[in-house]
Amino acid sequence: MFPWSSARLALAVRLAAWLAPLLNRRMLICIATGFASGLPLYLLLSLIPAWLRSNQVDLTTIGLFALVQLPYTWKFLWSPLLDRYTLPGLGLGRRRGWMALTQLVLLLGIAWLGQFSPQSLAAPVMVRGELFGLSIVHPGWDSVLAFAGHPITLSCFLIALASATQDIALDAFRREILPDAELGLGNAIHVNAYRVAGLVPGSLSLILADNLPWNQVFLITAAFMLPGLLMTFSVREPPIVPGSPRTLRAAVVEPFREFFGRHGVQSALLLLAFLFFYKLGDSLCTALATPFYQDMGFTMTEIGLVAKNAGLWPAVAGGILGGIWMFKLGINRALWLFGAVQVVSILGFAALAWVGPPFIAAPAHTGLSPDAFVQAAARDALANVCANRAILTDNAKNARTLTDNALRRYFDFDRLTAQATGLDWNAVAREPQKKLTDAFHALLLRDWAASLFQHCDWRIETKPLADTPEAQEVTVNAMLQRAGAQAIAVDFSLEKTDKGWKVFDLAINGHSLGQSYRASFAEKLRTGGVDGLIEWIREQIKTDFRALLALALVIGFEAIGVGLGTTALVAFMARTTHPAYTATQLALFTSLMALPRTLINAAAGRLVETLGWTNFFWLCFALAFPGMLLLFRVAPW
């Protein structure tokens, strides 16, 4: 009995010693700083793209929207102000004063964002002009100003500016309260709380968006800034380190002079290049993660419940384990091992995209005549689906997604839904309208994808219309024909919109597509109303569990790599700073880490539409290697 008790006691002592670094007040503060820092960034990375995409904003515009994150890249320019000045009138001290101000701005800014509509947001239009006598294509200034001056763009830029300034204060505050021995674990906890904060805009808010108006979603999201604000008012201001700058000139010049003097110019530049490249591939890989999941055919609720949770908890586990492992490994070896996991994990997204359909963008159709429009719609649908028939035959979900990519711009699904339900569409509230349209849209894609496979070798012929330039609605009669088979008559009902013609109904051999669904919908409307019909349609189009599991595994592994790699990199940056210049030097380092996310990621939408999702992820994989190679110089094994 006694030996067993002694062994158990020894185990308890070792466990207590192992947990001791986790169980102090400084680690609790790191949880609060991480959560307050992560929430606004994940709002910009996850919730805003989903909000825009659900309102049919194109991928190029969503990709360009990454430019509102420029303050994260340039925050080192105003970071000396936070090292030098204490905000007057607050009585909170140098660090806590800036923390409180930025958190109040974020709370109000996020809540206000939901008052705007994304419908009018569009990427700058490319126009042809001349430069020194040469013909060039460039963004038109009017459209650039319209994009930059849009209320959503300005509001998100203000949120990014406040968030970046908060990060300067929080990073400096955290560095000043943590002793060197706790840097690895403290920053690991901060990073993981940072990612837990992503669960709010990246999961909870997405689920709420399926059930609440967007203005309420943003209001609830904003309320999660309150814990950080409460932390700011409840902690003590750290003492000012001897040698801290006493003038603005010293605050601007001395941090850079000290950094380059300590490392030497060549080594300092290599270190800065490493901070830029280490997470380049990973950052670009996840730049359009939510639109990627949507294009793969997953619903907003599925993304919220599966994708975001699968990404969050493995990253948290990876980050905490990474922080503990760094006690044994050291920061340099952690950068090597954790970076390798980070690089390999990108391949999971490439595999997921390869199994799924490549994204093939259809050409613009504004200005086409009605019969030319019908030819283009049919040609795009058949070309996209039939070209990938071999990999789609046994995968209905992928077939639906590819069909959606081909037909989305041609059909007015809102009006088609009204036709199919027989409802007075103007009498239905906006949110039920959207939910019902999305559900019926998915149901049509499920049904159409299978039928399109049967017509890959058919051709379509349209009967020319009489010249009707002023007509707002027309019907184009067409025939689907194949040698040795009976022709199929298809009548396309079209309406003219500011984006060209749109199909609002189809009649196949005289039978209206909308009418064919109306009979089955009528009973559901009678017994359950609009909400009952929405739930019934959703039951018909549930995503296959195996697809959800594959998505969860891919995202989970990538998240472990992100958690490990970020933990090691943040600890490396904190170790590299001088205690007297924490705000400015950490702002410089984190700005370089954020630069790919802001500038290069802005082109992610264009890259996807040009390369397709699969090749895009292979490019991300290749871009992950320069940072690993620089480890030979900046953090040798």
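How many bridges join strand β5 (residues 488-497) to β6? Eight bridges join them, and the two strands run antiparallel.

This is a predicted model, in which local features need pLDDT of at least 70, side-chain atom pairs count only at pLDDT 80 or more, and totals for chains, interfaces and linings use all residues. Residues are numbered from 1 along each chain as its sequence is written, and side-chain values use heavy atoms, with hydrogens and water left out.

## The sheet

Start with the terms. Helices (H or I, at least four residues) and strands (E, at least two) are DSSP runs, numbered from the N terminus. Two strands pair if DSSP finds at least two bridges between them.

Five strands make an open sheet in the order β3-β4-β5-β6-β7, with antiparallel pairing. Its edge strands are β3 (459-462) and β7, each of which pairs on one side only.

Now walk across the sheet. Strand β4 (residues 473-481) is joined to β5 by eight bridges, and these two run antiparallel. Here Glu473 stands opposite Glu495 in β5. Next come β5 and β6, which form a hairpin with two residues between them. In this pair, Phe492 has Leu506 of β6 as its bridge partner. Then β6 pairs with strand β7 (residues 511-512) in the antiparallel sense, over two bridges. Ile508 has His511 of β7 as its bridge partner. β6 and β7 also form a hairpin with two residues between them. Asn509, in that turn, has a positive phi of about 50°.

Is strand β6 mostly covered or mostly open? Strand β6 (residues 500-508) is mostly covered, as eight of its nine residues are buried. Buried means under 20% relative accessible area, exposed means over 50%, and partly exposed lies in between (1.4 Å probe, protein chains only).

## Salt bridges

A salt bridge is a side-chain nitrogen of Lys or Arg within 4 Å of a carboxyl oxygen of Asp or Glu. By this rule the count is seven salt bridges. The table shows some of them.

| Pair | Closest N to O |
|---|---|
| Arg94 and Glu176 | 3.8 Å |
| Glu523 and Arg526 | 2.8 Å |

Take Arg94 and Glu176, which form a salt bridge. This pair links distant parts of the chain: Arg94 is in helix α6 (residues 94-113), Glu176 is in helix α8 (residues 151-177), and they are 82 residues apart. Both Arg94 and Glu176 are buried. A network of salt bridges links Arg94, Arg95 and Glu176.

Asp282 is buried, and so is Lys279.

Glu523 and Arg526 both lie in helix α24 (residues 513-540). They are three residues apart, about one turn of the helix. An α-helix has 3.6 residues a turn, so residues three or four places apart point the same way. Glu523 is partly exposed, with a relative accessible area of 38%. Arg526 counts as exposed, because its relative accessibility is 62%.

## A nonpolar patch

Which residues form a nonpolar patch on the surface? Leu101, Val105, Phe157, Leu158 and Leu161 do, with about 370 Å² of accessible area together. Patches are made of residues with over 30% relative accessible area and no salt bridge; like charges are joined within 9 Å, and nonpolar side chains (Val, Leu, Ile, Met, Phe, Trp, Tyr) within 5 Å. Accessible areas come from the Shrake-Rupley method with a 1.4 Å probe, and for residues only the protein chains shown count as cover.

The elements that give two or more residues to the patch are α6 and α8. The largest share, three residues, comes from α8. Leu158 lies in helix α8. Leu158 counts as partly exposed, because its relative accessibility is 44%.

## Helix α27

In helix α27 (residues 604-611), Ala604, Gly605 and Val608 are buried. These residues cover an arc of only 105° around the axis, so they sit on the same side of α27. The arc is that of the directions from the helix axis to the C-beta atoms. Gly612 follows α27, and its phi is positive, near 85°.

## Cysteines

How many disulfides does the structure hold? It holds zero disulfides. A disulfide is a pair of cysteine sulfur atoms within 2.5 Å. For Cys620, the closest cysteine sulfur is that of Cys285, and at 5.2 Å it is too far for a bond. Cys620 counts as buried, because its relative accessibility is 0%. Cys156 also counts as buried, at 0% relative accessibility.
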